[in-house]
There are 4 protein chains.
Amino acid sequence: MTSRTRIATETEREALYRDMERLHTSPLWRYTDVTRAEPQPRTAAHLWRWSDLRPRVLRMGDLVSVEEAERRVMVLSNPGLDGLGATGSLYAGIQLVLPGEVARAHRHTMAAIRFIMEGTGAFTAVEGEKTILHPGDFVTTPNWTWHNHGNESPDPVIWLDGLDIPLVRRTLDAGFQEYYPDLEQPLSKPDDLSQRQYSAGGLRPTWEVHLAAHTPLLNYSWEQSYATLSRLARETDGSPWDAIRLEYVNPYSGGPVLPTMASYIQLLRPGKHTSAHRHTGGTVYQVAQGTGWSVINGMRFDWAPKDVFVVPSWAYHEHANASEREDAVLFSYNDSPVLRALGLLREEAYLETDGHQPVGQVFGAEQRGGPVVTAGPG
Amino acid sequence: MTSRTRIATETEREALYRDMERLHTSPLWRYTDVTRAEPQPRTAAHLWRWSDLRPRVLRMGDLVSVEEAERRVMVLSNPGLDGLGATGSLYAGIQLVLPGEVARAHRHTMAAIRFIMEGTGAFTAVEGEKTILHPGDFVTTPNWTWHNHGNESPDPVIWLDGLDIPLVRRTLDAGFQEYYPDLEQPLSKPDDLSQRQYSAGGLRPTWEVHLAAHTPLLNYSWEQSYATLSRLARETDGSPWDAIRLEYVNPYSGGPVLPTMASYIQLLRPGKHTSAHRHTGGTVYQVAQGTGWSVINGMRFDWAPKDVFVVPSWAYHEHANASEREDAVLFSYNDSPVLRALGLLREEAYLETDGHQPVGQVFGAEQRGGPVVTAGPG
Amino acid sequence: MTSRTRIATETEREALYRDMERLHTSPLWRYTDVTRAEPQPRTAAHLWRWSDLRPRVLRMGDLVSVEEAERRVMVLSNPGLDGLGATGSLYAGIQLVLPGEVARAHRHTMAAIRFIMEGTGAFTAVEGEKTILHPGDFVTTPNWTWHNHGNESPDPVIWLDGLDIPLVRRTLDAGFQEYYPDLEQPLSKPDDLSQRQYSAGGLRPTWEVHLAAHTPLLNYSWEQSYATLSRLARETDGSPWDAIRLEYVNPYSGGPVLPTMASYIQLLRPGKHTSAHRHTGGTVYQVAQGTGWSVINGMRFDWAPKDVFVVPSWAYHEHANASEREDAVLFSYNDSPVLRALGLLREEAYLETDGHQPVGQVFGAEQRGGPVVTAGPG
Amino acid sequence: MTSRTRIATETEREALYRDMERLHTSPLWRYTDVTRAEPQPRTAAHLWRWSDLRPRVLRMGDLVSVEEAERRVMVLSNPGLDGLGATGSLYAGIQLVLPGEVARAHRHTMAAIRFIMEGTGAFTAVEGEKTILHPGDFVTTPNWTWHNHGNESPDPVIWLDGLDIPLVRRTLDAGFQEYYPDLEQPLSKPDDLSQRQYSAGGLRPTWEVHLAAHTPLLNYSWEQSYATLSRLARETDGSPWDAIRLEYVNPYSGGPVLPTMASYIQLLRPGKHTSAHRHTGGTVYQVAQGTGWSVINGMRFDWAPKDVFVVPSWAYHEHANASEREDAVLFSYNDSPVLRALGLLREEAYLETDGHQPVGQVFGAEQRGGPVVTAGPG
């Protein structure tokens with residue numbers, strides 16, 4: 001059938017390939033990853049220990065001012081990727097705001113979520129509404145909304161930042177940013193108004209018009225999230241794979257808070273060990289409460305409060321609460337809204353050995369960071 | 001306000017950054033591109049001349065069998081990117097199917113469009129329906145649909161392939177592929193049935209149920225596309241920036257043929273020179289008919305039939321038909337459905353100097369390829 | 001359990017009911033139809049013979065001017081309903097426009113469809129676009145669009161009007177109407193532009209913005225409809241219940257042409273006899289071509305060209321083409337978009353006796369009208 | 001222009017009209033309401049005083065058992081309509097459930113809402129979930145959901161029923177009903193589970209799949225509704241026309257609880273008098289708390305707790321709280337989801353005399369009912 005193709009020598013072929021390269025072309029069959037049966041992400045499963053990160057975060061505050069840095073953030077750079085990516089599409093960072101600091105107002109097409117880790121009394125202001133942040137609160141700053149932060153308390157405030165930078169700025173080349181003329185935007189609404197408007201489920205103020213694709217609710221308080229988790233945990237097991245997992249949703253759609261990122265808060269009852277599954281979409285987790293471990297593609301990662309870890313796309317994963325007395329709570333975010341919009345969401349349960357993966361390796365001590373370097377007189 | 005931050009020495013900072021790196025973390029303020037006001041894509045404006053490519057494409061047919069290559073495709077590798085990308089999210093390739101060849105049946109989550117360039121008598125079969133391909137026909141093979149190609153004619157058949165590989169396989173890590181058990185899939189429908197079902201506008205067969213997000217119409221024939229363009233060109237100017245541009249759409253939604261890619265066919269009347277504009281979303285163009293030039297961010301690219309060129313995201317561009325007698329027709333595809341779904345579509349007209357950019361540079365002869373290398377006795 | 005309720009005398013109860021009536025209240029349990037298991041519409045199955053109607057329609061033209069009548073229409077009043085209804089939600093009428101007449105421009109929230117019956121050379125203009133009408137053409141005048149008609153030909157023109165008057169004006173009390181300042185609206189577009197823009201399936205002009213819920217295509221020509229039906233009839237049986245039935249659709253949605261009414265054109269091949277089914281939603285049919293009969297809830301209705309008949313909601317119905325050589329074609333419209341939007345669409349096949357109902361009665365000669373009354377010297 | 005039409009005598013025309021009538025046809029121009037500029041509903045503005053209704057409702061309990069009545073309901077029959085309609089599309093009734101009674105399980109395509117008026121301790125069960133009812137609670141029983149009621153308390157329980165009977169059963173002929181095999185349906189879920197799942201705004205259980213068009217939240221508690229109204233009333237005026245009005249919404253869509261009916265709870269602060277406006281869609285109001293009056297098309301209706309009143313479609317209306325110390329709260333429901341789906345929603349502010357209508361008439365004492373008839377020994 002293919003009689004027209006001669007049996008060519010490697011020399012001839014290599015000559016052709018070099019010639020093609022000169023014209024900015026290449027032979028498709030030399031890209032071996034194109035025909036893989038399943039995703040084999042460059043994104044690595046990885047865990048950042050808070051006990052490692054915390055001293056460096058504070059050291060950042062010691063050495064770099066917010067004026068210089070604009071946002072004083074420690075990027076969590078996935079070991080399998082270059083620089084800014086926690087996963088192929090998502091970014092994760094730890095932001096520090098010291099007492100008295102203000103992070104100037106700007107807006108950008110990259111959307112952000114925040115999960116508050118430490119400190120009470122910082123605020124964020126988004127589109128004219130201000131909210132005071134408490135540990136465990138979940139806050140969004142959607143695409144192209146003005147936002148600035150500040151810390152009016154006597155203590156450092158630290159939170160986790162999640163953004164869609166790799167997708168929006170790198171792959172889609174759609175990153176725009178601009179500064180507000182002033183350091184802070186004016187506040188046009190009562191503080192936390194959106195909470196009083198939208199945190200009662202099933203009730204919608206009819207005098208509001210909200211046409212945006214993102215949620216109008218600025219701050220999803222830890223108080224309400226944890227109370228809801230606890231109540232539901234008393235009477236349901238939730239999902240075999242995700243336990244009692246709530247999605248933070250847009251009350252106007254029941255869907256994700258942002259078109260590019262979905263965020264979740266999930267509770268593992270004492271002793272709970274979920275079954276393993278995998279799905280497309282890399283996920284960034286942060287431990288909100290408790291201790292336990294997760295098994296990701298057969299490697300065990302032990303976690304403690306405020307640790308951050310990444311489950312790559314299509315990696316099997318399961319979670320366990322190590323305590324027999326206390327709840328464990330995990331916060332997470334991923335790009336499932338993008339996958340759903342594009343018809344690329346897939347999920348598969350791990351069916352062998354009772355749903356639990358054999359553990360081949362433990363994410364190890366040798367990978368840990370040592371004590372923070374304090375070079376110089378500092 | 002930031003009194004807590006000491007004036008640190010560069011040495012101290014560098015020590016911290018090295019320490020952070022060891023923990024797979026990095027300081028956000030060192031990524032200078034994060035705060036850019038506008039997209040500055042790595043994707044280059046580039047043109048591949050068909051006169052350069054054609055001999056290499058045929059040489060590929062001479063040296064590599066379809067069995068070895070599976071798909072015998074010359075990838076158009078954007079000079080600003082690595083390997084597979086024509087833009088940050090899209091792939092482009094030139095596929096050659098020689099007489100008697102069959103490209104075996106498979107399916108994958110990367111979606112594809114084809115624009116037929118040369119030869120009549122090849123076929124593509126998608127989900128049990130076969131269509132004979134003619135130059136200028138536009139064909140889709142959506143996400144996870146079985147497809148195989150073959151050439152039952154005495155002549156080589158060549159087409160342009162467009163896929164969403166960089167987005168789906170690289171950024172989203174959602175690439176799956178599998179082979180059909182046999183070389184070809186069985187045909188379960190009359191040839192070109194979908195054309196008779198859906199190519200009459202405003203009429204929908206009520207006995208069909210189509211729940212997929214992609215178009216059910218397999219082949220958008222050149223005959224109908226060009227006839228419609230010509231009719232409309234007689235009575236309207238269309239858009240100042242795009243002239244008479246039709247989108248190939250899903251008759252069930254009026255929207256893009258695929259959730260990840262939109263495709264267009266546009267006519268420039270004799271002498272027509274469009275105004276410049278820019279928008280997010282890199283676009284791959286192919287000249288379907290005629291000669292002319294495009295100005296992309298101030299660089300002029302002259303084009304002739306079957307040349308392929310790329311307009312990067314947010315690059316100003318305008319098109320001109322060089323002929324005073326013949327129509328010019330451009331085919332194109334881009335990722336606008338993704339941008340729209342994620343709220344990232346922006347557009348801006350070029351308002352100076354009558355809407356036309358000053359031309360600073362002409363895409364030059366020195367970049368052309370020479371005659372195809374025919375090393376060795378082969 | 002109900003010990004609190006005494007055994008009351010009928011006298012006591014009647015006294016209470018009379019007392020309640022005085023207060024504009026009534027006992028629910030006295031409405032026997034409220035608890036019926038299935039719809040028992042007041043709408044009757046009925047057929048109007050064109051041979052009966054035509055002389056009266058022309059007589060209307062003889063006796064009443066269009067200035068007096070504004071629209072010279074013979075309403076088809078369902079025998080089971082009062083006045084304006086052909087079904088519980090829909091209206092049907094026969095409109096006559098004599099040579100030289102103009103029906104003045106107005107708009108209303110009741111939406112209309114037209115199916116052209118006789119005469120070539122009348123026009124309708126909708127929102128600045130004019131179309132010349134030919135028998136078999138299907139035209140819409142959506143909610144609140146300016147429209148006027150006229151007949152520039154030497155012959156009377158007659159068409160079927162379908163509107164949602166009973167639903168919109170009676171049940172929903174949402175009927176608005178206003179007159180255009182002039183007799184005719186100005187024409188702002190080339191004649192039949194929308195046909196050239198939208199009658200090629202799968203191609204959408206990108207310079208048009210169409211935000212309305214209704215179709216932008218003014219005239220669905222008989223030429224294209226019948227050609228498509230004929231082509232498809234050669235290779236598919238379509239649906240067992242509806243044969244080769246096409247819905248006229250909005251090319252921007254693939255859905256109904258209007259939010260309140262769906263319209264269809266269906267072909268019965270020579271000798272074809274469909275299986276019976278029933279669904280919610282009363283339907284008005286008109287015979288576009290051919291002779292045959294329909295069985296509606298066991299009663300046979302014989303039909304000839306231009307006859308109009310009604311199938312009530314939830315009535316079993318089947319259609320037969322009486323000819324062994326010629327196609328029969330039925331036009332129809334119903335309120336299925338309303339039922340779908342409200343979650344009320346149901347369908348059920350008739351499963352006994354091979355899908356065909358036993359015929360208990362033939363819609364009879366005794367119900368026919370006699371010759372038109374020509375009282376007086378006229 | 002209309003030379004073909006003779007000047008006809010009335011005799012000739014009348015003869016034609018009689019002849020047409022025999023054929024179940026009629027001349028359109030004789031329906032004078034068809035060309036009205038605005039809606040002139042048959043639905044009357046009307047108020048039913050609870051002081052009038054209550055003794056009759058209890059008398060119903062005295063004389064008619066729930067077994068006989070199936071649902072013991074006093075229908076509020078609009079004076080302008082026949083029998084079952086409160087407005088052209090909606091029904092309203094007062095249901096009484098005596099201690100120990102059970103209203104047997106059934107389901108129907110007519111959807112229902114309930115607003116609890118008196119008594120604590122009755123329950124309703126919908127699709128396997130039971131909820132205990134308290135005054136001010138809002139409950140839905142959507143299209144085709146199994147439901148039964150009962151009263152396990154020692155006191156009578158009374159509520160307002162709202163259904164879409166006139167639209168669904170009469171106009172659309174889409175009414176279906178069936179009985180559950182047993183008196184009560186089995187309870188498959190913990191009581192009030194949906195409240196714990198959905199009454200925290202912005203949090204959605206990810207293990208639930210809810211595909212229906214109606215709300216999954218069974219009981220919108222008065223406690224939460226009133227608390228939310230009160231909180232918002234402290235810092236916003238809400239709408240000039242509706243004051244602090246919340247819509248009960250489906251948490252999966254932010255839209256109406258049912259595809260056919262929207263429901264609201266609104267608070268008028270002490271002394272508040274809203275501006276007048278009108279919109280399409282007849283609305284049924286019930287006073288949840290407080291005293292005041294409404295002006296409807298210039299007629300004043302004074303109201304007290306539990307009174308029910310109707311504002312017809314397109315009637316100007318404004319509401320006033322008569323108290324200077326207490327809040328007034330109004331519950332209401334209307335068919336706006338239908339109007340919105342069909343493109344028929346219109347609204348208009350009353351702009352004269354500061355937005356307040358002159359009051360021409362007071363809904364009067366002479367229309368009141370007298371003491372309930374207690375014929376017989378009872």
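A salt bridge here is a side-chain nitrogen of Lys or Arg within 4 Å of a carboxyl oxygen of Asp or Glu. With that rule in hand, select chain B and chain A: six salt bridges are found across their interface.

Before going on, a word on the model: it is predicted, so local features need pLDDT of at least 70 and side-chain atom pairs count only at pLDDT 80 or more, while totals for chains, interfaces and linings use all residues. Residues are numbered from 1 along each chain as its sequence is written, chains are lettered from A and ligands numbered from 1 in the order written, and side-chain values use heavy atoms, with hydrogens and water left out.

Next, zoom in on Arg56(B) and Asp19(A), a salt-bridged pair whose closest N and O atoms are 2.5 Å apart.

Now show the whole contact (heavy atoms within 4.5 Å). Chain B brings 105 residues to it and chain A brings 106. Together they bury about 8900 Å², 61% of it on carbon and sulfur atoms; buried area is the accessible area (1.4 Å probe) lost on putting two parts together, summed over both.

Strands are DSSP runs of E, at least two residues, numbered from the N terminus, and two of them pair if DSSP finds at least two bridges between them. Pick Pro27(A) and you can find its bridge partner, Met74(B), in E3(B).

Last stop: chain A and chain C have no contact, with their closest C-alpha atoms 16 Å apart. For chain B and chain D there is no contact either, and their closest C-alpha atoms lie 16 Å apart.

Methods:
Helices (H or I, at least four residues) and strands (E, at least two) are DSSP runs, numbered from the N terminus.
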